[in-house]
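Please look through the sequence and the model before reading on.

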Amino acid sequence: MKREMLLVGLAMLVLGGGSLFAQSHHYNAVRVENSYLPDGRVGDYYSYQLWASGGSGNYSWRLVNCHLPRGLYLSTSGQIYGYPSEAIYNVVVTVEVRDCDGRTDTRYFYFDIYPRYNNGGNGGC
């Protein structure tokens with residue numbers, strides 16, 4: 001019985017180019033770890049770092065089929081920054097992270113940019 005199993009294994013190795021031993025394929029997926037984007041306010045500096053895990057490191061970030069509100073930018077290192085210049089609600093932003101092996105993950109976020117503070121024009125609260 002052992003001899004037949006060895007012959008079958010050798011035949012598989014020769015004919016199929018495979019291994020006699022089971023191979024473990026570990027797929028280390030890249031993943032966007034942020035669960036939300038904080039809201040912002042017109043004229044106030046906005047800065048938020050996106051981050052990822054897994055993959056092979058050296059991540060690169062980009063927007064997918066969308067735009068950030070006017071005055072905000074996304075760096076390739078995952079930093080969203082700038083001075084928003086218009087109030088806009090229910091902004092939908094889709095970001096993609098890519099590792100150096102080409103693996104990607106995509107996540108979408110909703111957030112708001114609120115108007116400037118208004119003190120009522122007469123020194124109110």
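Is Tyr81 buried, partly exposed or exposed? Tyr81 has a relative accessible area of 31%, so it is partly exposed (buried means under 20% relative accessible area, exposed over 50%, partly exposed in between, with a 1.4 Å probe and protein chains only). The model is predicted: local features need pLDDT of at least 70, side-chain atom pairs count only at pLDDT 80 or more, and totals for chains, interfaces and linings use all residues. Residues are numbered from 1 along each chain as its sequence is written, and side-chain values use heavy atoms, with hydrogens and water left out.

**Aromatic pairs and a charge over a ring**

- Searching the whole structure gives six aromatic pairs (rings of Phe, Tyr and Trp, the last by its six-membered ring, pair if their centres lie within 6.5 Å; planes under 30 degrees apart count as stacked, over 60 as edge-to-face and the rest as tilted).
- One of them is formed by Tyr46 and Phe111, which is tilted because the planes are at 35 degrees, with ring centres 6.0 Å apart.
- Tyr46 belongs to strand E3 (residues 46–49) and Phe111 to strand E9 (residues 104–114), so this pair ties together parts that are 65 residues apart in sequence (strands, E, of at least two residues are DSSP runs, numbered from the N terminus).
- Both Tyr46 and Phe111 are buried.
- Tyr73 and Tyr81 also form a tilted pair, with ring centres 5.7 Å apart and planes at 40 degrees.
- Tyr73 is partly exposed, at a relative accessible area of 47%.
- Arg41 has its charged end over the ring of Tyr117, 4.0 Å from the ring centre (this requires NZ of Lys or CZ of Arg within 6 Å of the ring centre and within 35 degrees of the ring normal).

**Strands that pair with E9**

- Strand E2 (residues 40–41) pairs with E9 in the parallel sense over two bridges (strands pair if DSSP finds at least two bridges between them).
- Gly40 stands opposite Ile113 in E9.
- Strand E8 (residues 88–98) and E9 run antiparallel and are joined by nine bridges.
- Arg98 has Thr104 in E9 as its bridge partner.
- The hairpin of E8 and E9 has five residues between the strands, and Gly102 there takes a positive phi near 90 degrees.

**The sheet E3-E7-E6**

- Three strands form an open sheet in the order E3-E7-E6, with antiparallel pairing.
- E3 and strand E6 (72–74) are at the edges, each with a single partner strand, so one side of each has no neighbour in the sheet.
- E6 and strand E7 (residues 79–82) are joined by three bridges.
- Leu74 stands opposite Ile80 in E7.

Methods
Helices (H or I, at least four residues) and strands (E, at least two) are DSSP runs, numbered from the N terminus.
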